[in-house]
Amino acid sequence: MMIWHLPSPDRAQKYRVENLYEGPLDDKYATAIRNCDPKGPLMLYVSKMIPAADKGRFFAFGRVFAGKVATGQKVRILGPNYVPGSKKDLYIKTVQRTVLCMGRRQEAVEDVPCGNTVAMVGLDQFITKNATLTNEKCDDAFPIKAMKFSVSPVVRVAVEPKIASDLPKLVEGLKRLAKSDPMVQCTIEETGEHIIAGAGELHLEICLKDLQEDFMGGAEIRISDPVVSFRETVNQMSDHIVMSKSPNKHNRLYFQMRPMEDGLAVAIDEGTIGPRDEPKARSKILVDKFGWDKDLAKKIWCFGPDTTGPNMLTDVTKGVQYLNEIRDSCIAAFQWASKEGVVCEENMRACVAEVCDVVLHTDAIHRGGGQIIPTCRRAIYASQITAGPRLCEPIYLVEIQAPENALGGIYSVLNQKRGHVFEEMQRPGTPIFNLKAYLPVIESFGFTSTLRAATSGQAFPQAVFDHWETMSQDPMSDGNQANVIALDIRKRKGLKPNPSPLNEYEDKL
């Protein structure tokens with residue numbers, strides 16, 4: 001089946017090399033990938049870690065794009081955070097064994113040439129989820145691009161052991177879970193909770209079952225109710241330019257915020273536009289597709305959170321002294337602010353913060369990071385409050401298959417859950433209808449069982465994360481649903497009940 005319908009590596013890599021390789025497309029590594037050359041330098045992408053039979057060990061499973069990998073060979077491991085030329089996230093280790101995965105068995109082999117998949121033993125301590133492997137001496141190789149998932153982990157639960165002495169088992173189990181599933185995110189909150197984030201109710205259920213039975217040896221865990229991640233955004237231009245003073249009163253920063261154009265945040269999520277793009281090409285897309293000003297498109301300082309998220313910090317100042325010296329401090333503040341927004345400390349989304357003006361002290365000692373970073377963060381928060389803050393909720397695309405007589409029950413359940421059907425098609429020649437509907441993730445818990453009850457088991461739903469939708473109500477004013485959600489999130493995170501008012505962040509002249 002695969003041989004008939006999929007192109008061979010030799011053919012496919014010729015046109016896929018530009019999507020695979022991050023470096024220049026004319027160096028020897030790109031050429032070797034393009035030609036699928038077994039005599040070229042090794043380029044191998046590890047896509048997942050497979051749990052091995054002996055407890056706690058993993059096979060690094062991946063595909064050889066160029067060169068060949070052999071038992072006992074020394075390789076450079078370039079992790080996901082590796083920057084060419086630096087030592088960060090870089091290891092040089094020996095491959096102990098190369099094996100082929102044949103069903104449930106592993107067959108040890110001498111070497112594996114390009115175009116094949118391979119599992120390697122002995123690298124599991126140095127790779128978390130994915131990595132690029134090259135030859136030991138290839139210090140000018142760029143990594144292969146990381147995989148992008150079309151869904152994002154939006155449903156989170158907190159886990160804790162029932163018996164406190166099992167905590168080390170839980171921590172170890174979470175590390176193994178994070179390795180074995182490339183999609184799951186395991187984090188520790190500031191409150192000390194262990195959070196597991198997955199793509200949906202079912203995905204989380206399977207992860208938790210794996211965690212308990214395989215990775216923790218049956219130790220019992222307590223699981224909190226599922227929590228949904230929200231995003232914070234703005235819906236208009238700031239109504240005035242806000243100003244914030246540094247603690248020593250010698251520096252003033254002026255900011256404003258505006259929402260991104262439609263489709264731009266999605267383009268950043270998909271990687272069409274990003275921080276690593278060539279600036280000229282990026283500004284051309286922004287000008288042509290999204291109507292940006294040509295000069296402004298060249299003055300993007302950074303993306304955030306985590307330097308790749310769907311928010312931007314741009315510079316709209318004209319002829320300001322010392323601006324380059326505080327640039328790094330402003331970028332650091334923006335990463336911090338866009339990770340924890342002002343409404344309920346959730347990530348920001350689709351916001352453009354603009355530096356309008358800065359007045360700085362002439363003496364460099366008075367405008368260090370300690371003065372600028374907190375000031376810049378306060379200014380960004382103030383500009384978010386003045387730009388009409390809103391919450392974005394994640395929305396599932398639900399596909400439901402059901403016979404005609406069950407449609408009434410489906411519509412009534414969707415109406416209760418704030419969902420809406422946008423497509424209804426009958427399969428030609430059958431009495432079965434295919435419905436497509438949007439359903440907020442927060443309403444989706446127990447949706448399957450409610451739907452089955454309402455249609456006496458005739459409807460089959462399948463849900464997948466589709467997009468973020470801005471809620472129309474203002475989370476800062478009392479009595480609406482967005483406000484209730486924001487207060488719940490703040491309570492869960494242990495913050496003070498109400499968001500801070502504008503005058504805490506904005507200073508007067």
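What follows is a short exchange about helix packing and nonpolar cores in this predicted model.

Me: Why is α4 called oblique to α5?

Reply: Helix α4 (residues 167–180) and helix α5 (residues 201–215) pack at about 125°, with their axes 10 Å apart. Roughly perpendicular covers 65 to 115 degrees and roughly antiparallel needs over 145, so α4 counts as oblique to α5. The crossing is right-handed.

Me: Which residues make that contact?

Reply: From α4 you get Leu170, Gly173, Leu174, Arg176, Leu177 and Ser180, and from α5 Cys207, Leu211 and Phe215. By class, that's six nonpolar, two polar and one charged.

Me: What makes α9 oblique to α10?

Reply: The axes of α9 (residues 323–339) and α10 (residues 369–386) cross at roughly 45° and come within 8 Å. Roughly parallel would need an angle under 35 degrees, and roughly perpendicular starts at 65, so oblique it is for α9 and α10. This crossing is right-handed too. Its contact includes Phe334 and Trp336 of α9 and Ile372 and Tyr381 of α10, and the classes come to twelve nonpolar, two polar and one charged.

Me: Which residues have the most contacts inside the largest nonpolar core?

Reply: Ile196, Leu211, Phe255, Leu313, Ile400 and Ile410, in a core of 78 residues. Beyond four places in sequence, Ile410 is in contact with Ile400, Ala402, Leu435, Leu451, Thr455 and Ala459. Another core, of 20 residues, lies apart from the largest one and has Leu42, Ala60, Val75 and Leu133 among its members.

Note on methods:
Residues numbered from 1 in each chain as written. Predicted model: local features only at pLDDT ≥ 70, side-chain atom pairs only at ≥ 80, totals over all residues. Heavy atoms only, no water. Axes fitted to C-alpha atoms, helices over the stretch in contact; angles between N-to-C directions. Helix = DSSP H or I, 4+ residues; strand = E, 2+ residues; numbered from the N terminus. Left-handed = near helix turned anticlockwise from the far one by under 90°. Contact = heavy atoms within 4.5 Å. Nonpolar A, V, L, I, M, F, W, Y, C, P; charged D, E, K, R; others polar. Core = buried A, V, L, I, M, F, W, Y, C linked by side-chain atoms within 4.5 Å. Buried < 20%, exposed > 50% of the residue type's maximum accessible area, 1.4 Å probe, protein only.
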